[in-house]
Each structure stands twice: as C-alpha cells, then as structure tokens.
Amino acid sequence: MCKVCFKEIKNGCYHDFLNSGIICYNCLNALNPEFIEFKIDDVDALAIYEYSDFVKDKIYAYKGCGDFELNNIFVGPFINELRALYFNYEIVPVPSHKKGNHVVYMFSCLGLKINDIFYKSNEHKQSDHSYLERKEVGNYIHLKDEKTSLEGKNILLVDDICTTGSTLKACLKMLKELRPKRIKILVVAKRVFTEEEIENMKKSENYEKLEIV
C-alpha cells in the first residue's frame, strides 16, 4: 500500500518492485523527481526534487505533523541509485531545531553510517526568518563534541530543504575544519526561484547578501 495515497500498489511495475511498497508511481510522479545539480561554495550538491507545493505538504506532514510513516518516501525510491552514487560515504545531517533530528530518519534508509555531530544552541527555525536573518543560523550551530574527527573520510552532508543554503554553508565551514577527504551534499528538495521572485529580491538594498543558491 502506498504510504501517501493509501492505494494498493499493483504488482508487475518495475518502479513499484524497486520501491517495495513505499510509494506508488502516481504519487512519486506528483513529487516529480528532478535531480537538480548545483554547488554550494565549491562543493557539489544534488537535490532529488524541486521544492513544489506537493513536496512541501508531504515534508510538513512528516516533520511538522509527526506522520513518521512518510520518513522514507522521499529518498527510499532511489536507494539503489543513491547507494551507488555515494558508495563509501558517511552521512552528516544538518541539525534540527526539534528534539530528534528528522533529517537522520529521512536518509537512514540508505544504510550509510550516520555521524550526527551538530546541534543548535537554540530553536532557530529557518522557515520563521527572513532570507537575511537565515544567514545568522551559523551562530547557533555547534559540534556536539569538539574532539569529533572525520579526517580522511568521504562525507555526505544531507538536509531536507535547501532555500538560501545558509544552514548548509555554516555546516560546511565547520566540516572543512575537520579535514575530511571529500564532501558532497544531498538534499531532498531545493527551492528554485522564479524570475519575478529574483527581481523582487533585487529591489532590496541588501540583495547581494542573500547569496541564493
């Protein structure tokens, strides 16, 4: 049964066979996987989906409303591809403002080692702040253990949503100081701004400080 629409997943479809009953073809099609490649600073990044209203609703249902059954519908359909792409990587999730990092569970289905090394020193929820205020998130992110060592390892930094990239940039800065061999970024969804939205942002005298990625 599909975890989104609760309809029976028909046997015989190659896609449904790979998903082992996680999500049906119609719901995955509604999520609309795009695999958007981009960069944050000098680090290669990949977003599975564009941040649409449908994706937004399902992520909110999972992390905002506690519908834990949805935890693997975003990454789970592409386990084989992502495991191959990030073979020999270890996951580092961005910190959450909530107790219990929802990002950890979204990516745990990949079966990669997870190093949950960051925490937020207060409940700084990005969606409650303006684009300029989001840049301040780095002031609230810290290492759980100052002796943390990732030296020589391949690290996959993961998050649910990339809007301005401020949280990812703050984590990247600290990760690089731990001297990993390589860093890549994987996010569930990326906000893609329309030309109208960008034009409106340009009207701000602080536009150059937004650093939209």
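Buried residues (under 20% relative accessible area with a 1.4 Å probe, protein chains only; exposed is over 50%, partly exposed in between) make up 47% of the 213 residues in the protein chain. The model is predicted: local features need pLDDT of at least 70, side-chain atom pairs count only at pLDDT 80 or more, and totals for chains, interfaces and linings use all residues. Residues are numbered from 1 along each chain as its sequence is written, and side-chain values use heavy atoms, with hydrogens and water left out.

The protein chain has 8 helices and 7 strands. These are DSSP runs numbered from the N terminus: helices are H or I with at least four residues, strands are E with at least two. Contact means heavy atoms within 4.5 Å. Among contacts between residues at least 6 apart in sequence, 67% join residues at least 24 apart.

Strands S1 (residues 33–40) and S2 (residues 43–50) pair in the antiparallel sense over 6 bridges. Pairing requires at least two bridges found by DSSP. Proline 33 stands opposite tyrosine 49 in S2. The two strands form a hairpin with 2 residues between them. In the turn, aspartate 41 has a positive phi of about 55°.

Aspartate 160 lies in strand S6 (residues 154–162). Its relative accessibility is 4%, so aspartate 160 counts as buried. Beyond its neighbours within four places in sequence, aspartate 160 touches several residues, including Ile59, Lys63, His102 and Val187. The C-alpha atoms of aspartate 160 and alanine 47 are separated by 9.2 Å, although these residues are 113 apart along the chain.

Histidine 102 links to aspartate 160 through a polar contact of 2.9 Å between their side chains. A polar contact is a pair of N or O atoms within 3.5 Å; within protein, one must be able to donate a hydrogen and the other to accept it, and residues adjacent in sequence count only if both atoms are side-chain atoms. The side chain of histidine 102 also makes a polar contact with that of serine 96, at 3.5 Å. Serine 96 lies in the loop between strand S3 (90–93) and helix H5 (102–107). Serine 96 counts as buried because its relative accessibility is 12%.

Helix H7 (residues 166–177) has 12 residues. From first C-alpha to last, H7 reaches 17 Å, close to the 16 Å expected at 1.5 Å a residue. That expected span is 1.5 Å times one less than the number of residues. In H7, 9 of the 12 residues are buried, so the helix is largely enclosed by the rest of the structure. Among them are Leu168, Cys171 and Met174. Just after H7, arginine 179 takes a positive phi of about 60°.
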